[in-house]
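This note concerns the surroundings of the ligand and a few backbone features. Please read the numbered points with the structure in view.

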Amino acid sequence: MTRRRAKVAAVGTYVPERVVTNDDLSLNLDTSDEWIGTRTGIRQRRIAADGQAASDLGAEAARRALKAAQAQPGELDMIITASLSPDMLFPATASLISGLIGAGSPAAFDISAACTGFIYALAAGESFIASGRADKVLVVGAEAVSKMIDWSDRATAVLFGDGAGAVLLEPASGEGEGIIGFDLGNDPAGAAELSLPAGGSRLPASQETVSGRQHFLRMNGREVFRFATRIVSESARRVVEGHGLRMEDVDIFIPHQANIRIIDVAARKLGFEPGKVFSNIERYGNTSCASIPLCLDEAERQGRLRKGDLVLMTGFGAGLSWGSCLARW
Ligand code: COA
């Protein structure tokens, strides 16, 4: 029996209104637009308002995806949310989004795979559709990372931004269209390189964890950079060649937006000319699980992602984890 294929039927995105430029950051941090721009490619990012959590951003992206698909919230069989800045440890942010959009009682759960989460969530949703256990799955990457950032740490504060993107997965109907396959992996040896140490069962909240600033994201930037510049091209190549295709067949490459230098290195290793590589990091920074759907939406609006295109998406992040998805749009 052939596997039932899933396709992305619609995309919806939402970013908070507040724009924070590099110059704004340099008012309170020992940094500059010049340093951030040349080292990362980032010029500005969106920052969620006080009281605006990941589920609020995710719900708006979800509503927009459903509107684009002309589907009703009540038709959803399942909501999967990927986030490293969930509203709470539990209940799942997917469950909260379900309530906010009035979806009734679909299955709802979260995926924790840091910035690779969107690709893992896409793989989970695709599997539910392939097995026939679900027909309409909403995959939401929703991040209010700004709430997890130590705004006095210039090494991390300049990198991240908030936003959300949602895709509606449905069974594919056209010949050859839809998700072709995935490459997923994780290297636990790098677990300490990128983490939010406290607030879980390892280091429960205490006076010490608060005064030690252990409830904020911590990162060894150089190690993560080294990992990313290796893994993006390896994983991308595995998923393309593993399905009998060539890199030249790819119409558009959408990598996780963490640093323009990581993207450039990967593109060069994979032999992509700049026109095939999509990036909007300049305006949003690293929005973690939201970065790939934010790119999908923009690429489609700009006419750079069209029906029938072969699209390659690659994410990476804490774990250290990685994931690639290959799809015929
Ligand atoms: N503004 C100004 N100077 C800064 C700075 C900032 N925001 N952050 C760090 N610096 C300084 C450092 O203190 C260091 O100074 P020193 O040479 O006097 O010690 C210098 O700049 C170089 O720091 P370094 O860490 O070597 O810079 P880098 O070229 O490696 O760039 C990152 C740093 C974080 C941009 C880069 O390592 C990176 O992008 N890593 C991957 C991060 C990532 O992708 N994380 C998310 C994964 S999902």
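1. The shell around the ligand is made up of 11 nonpolar, seven polar and five charged residues. Here Ala, Val, Leu, Ile, Met, Phe, Trp, Tyr, Cys and Pro are classed as nonpolar, Asp, Glu, Lys and Arg as charged, and the others, Gly among them, as polar. The model is predicted: local features need pLDDT of at least 70 and side-chain atom pairs count only at pLDDT 80 or more, whereas totals for chains, interfaces and linings use all residues. Residues are numbered from 1 along each chain as its sequence is written, and side-chain values use heavy atoms, with hydrogens and water left out.

2. In total, 23 residues surround the ligand (a heavy atom within 4 Å). The closest are Thr-31, Arg-39, Arg-154, Arg-222 and Asn-259.

3. Several polar contacts (a pair of N or O atoms within 3.5 Å) may be inspected. The side chain of Asn-259 places an N or O atom 2.7 Å from an oxygen atom of the ligand. Gly-221 has a backbone N or O atom 2.9 Å from a ligand nitrogen atom, and Trp-35 has a polar side-chain atom 3.3 Å from a ligand oxygen atom. The protein buries 75% of the 960 Å² that the ligand exposes when taken alone (Shrake-Rupley method, 1.4 Å probe).

4. Which elements each supply at least two residues of the shell? They are helix H2 (33–40), helix H6 (154–157), helix H8 (221–242), helix H9 (260–270) and strand S12 (310–317). H8 gives the most, with four residues. Helices (H or I, at least four residues) and strands (E, at least two) are DSSP runs, numbered from the N terminus.

5. The ligand lies between domain 1 (6–171) and domain 2 (178–328), because both give residues to the shell around it. The domain bounds come from an automatic or database domain assignment.

6. Most peptide bonds are trans, and most residues other than glycine have a negative phi. Against that background, a cis peptide bond joins Phe-90 and Pro-91, with omega about 0°; Pro-91 is in the loop between strand S4 (78–82) and helix H4 (93–101). Another cis peptide bond joins Gly-319 and Leu-320, with omega about -5°, and Leu-320 is in the loop between S12 and strand S13 (321–328).

7. Arg-213, although not a glycine, has a positive phi of about 55°. Its place is in the loop between helix H7 (207–211) and strand S10 (218–219).

Key. A polar contact is a pair of N or O atoms within 3.5 Å; within protein, one must be able to donate a hydrogen and the other to accept it, and residues adjacent in sequence count only if both atoms are side-chain atoms.
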